[in-house]
Amino acid sequence: MIELKAEQPEDRWEVEALYDLCFAPGREALSSYRLREDVPPVSGLSQVARDADGILAGAIRFWPVRIGECEAPALLLGPVAVHPTHQGEGLGGALIRDSLAKAAESGWSRALLVGDAPYYRRFGFSRLTGVDMPPPTNPERVLGLDLVPESWADLRGQVLRWSGSQTPG
């Protein structure tokens, strides 16, 4: 049995070790990491999955960002990772669905990520046009999800680092 819980400060190093295991060296050189620097993940939405023995099986994090000149708030999903011993069990999907539901319940309007469209389409993500991640991000991989209907409609501009409190929008 796997239990999903909000990530706690004491989980940080274990989660980082999981990300190191699951992702290529140099992952922190990606443009999305520039948006995360010195910004804490969103409390309550970033989660860990632990097995019955308390061993970390998966993790997901969300970061606040701003979009365009109007500085509309959004959630940047990622990374999400599942330990190799638990891959193929649907745990990544469970983390994504559960945390997106919590994001909507807590008042966030929109989420985005940089990822593989065929995988994330099952969760409702689609390609965002006119929303630009810092280079060198492939624009085909910039995906968004309306947590509130039409929240991405007519929203254009650069994805910017967060400043201020983590108030949903």
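User: Does Arg-50 count as buried or exposed?

Analyst: This is a predicted model, in which local features need pLDDT of at least 70 and side-chain atom pairs count only at pLDDT 80 or more, while totals for chains, interfaces and linings use all residues. Residues are numbered from 1 along each chain as its sequence is written, and side-chain values use heavy atoms, with hydrogens and water left out. Buried means under 20% relative accessible area, exposed means over 50%, and partly exposed lies in between (1.4 Å probe, protein chains only). Arg-50 has a relative accessibility of 16%, so this residue counts as buried.

User: Which residue meets Arg-50 in a salt bridge?

Analyst: A salt bridge here is a side-chain nitrogen of Lys or Arg within 4 Å of a carboxyl oxygen of Asp or Glu. Side chains of opposite charge can pair when their charged atoms come close. For Arg-50 the N to O distance is 2.8 Å, and the partner is Glu-14.

User: Why is strand β3 described as largely enclosed by the rest of the structure?

Analyst: Strand β3 covers residues 56-67. It is largely enclosed because the number of its residues that are buried is 12 of the 12.

User: How many bridges join β3 to strand β4?

Analyst: Two strands pair if DSSP finds at least two bridges between them. Strand β4 covers residues 72-82 and runs antiparallel to β3. In β4, Pro-73 is the bridge partner of Arg-66. The number of bridges joining β3 to β4 is nine.

User: Which residue in β9 stands opposite Arg-66?

Analyst: β3 also pairs with strand β9 (residues 157-161) in the antiparallel sense, over three bridges. The residue of β9 opposite Arg-66 is Leu-160.

User: Which residue takes a positive phi in the hairpin of β2 and β3?

Analyst: Strand β2 (residues 47-50) pairs with β3 in the antiparallel sense over four bridges. Five residues lie between the strands of this hairpin. The residue with a positive phi near 85 degrees is Gly-54.

User: By about how much of a helix are Lys-102 and Asp-98 separated?

Analyst: The side chains of Lys-102 and Asp-98 meet in a salt bridge at 2.8 Å, N to O. Because they are four residues apart in helix α3 (residues 91-105), their separation is about one helical turn.

Definitions and conventions: Helix = DSSP H or I, 4+ residues; strand = E, 2+ residues; numbered from the N terminus.
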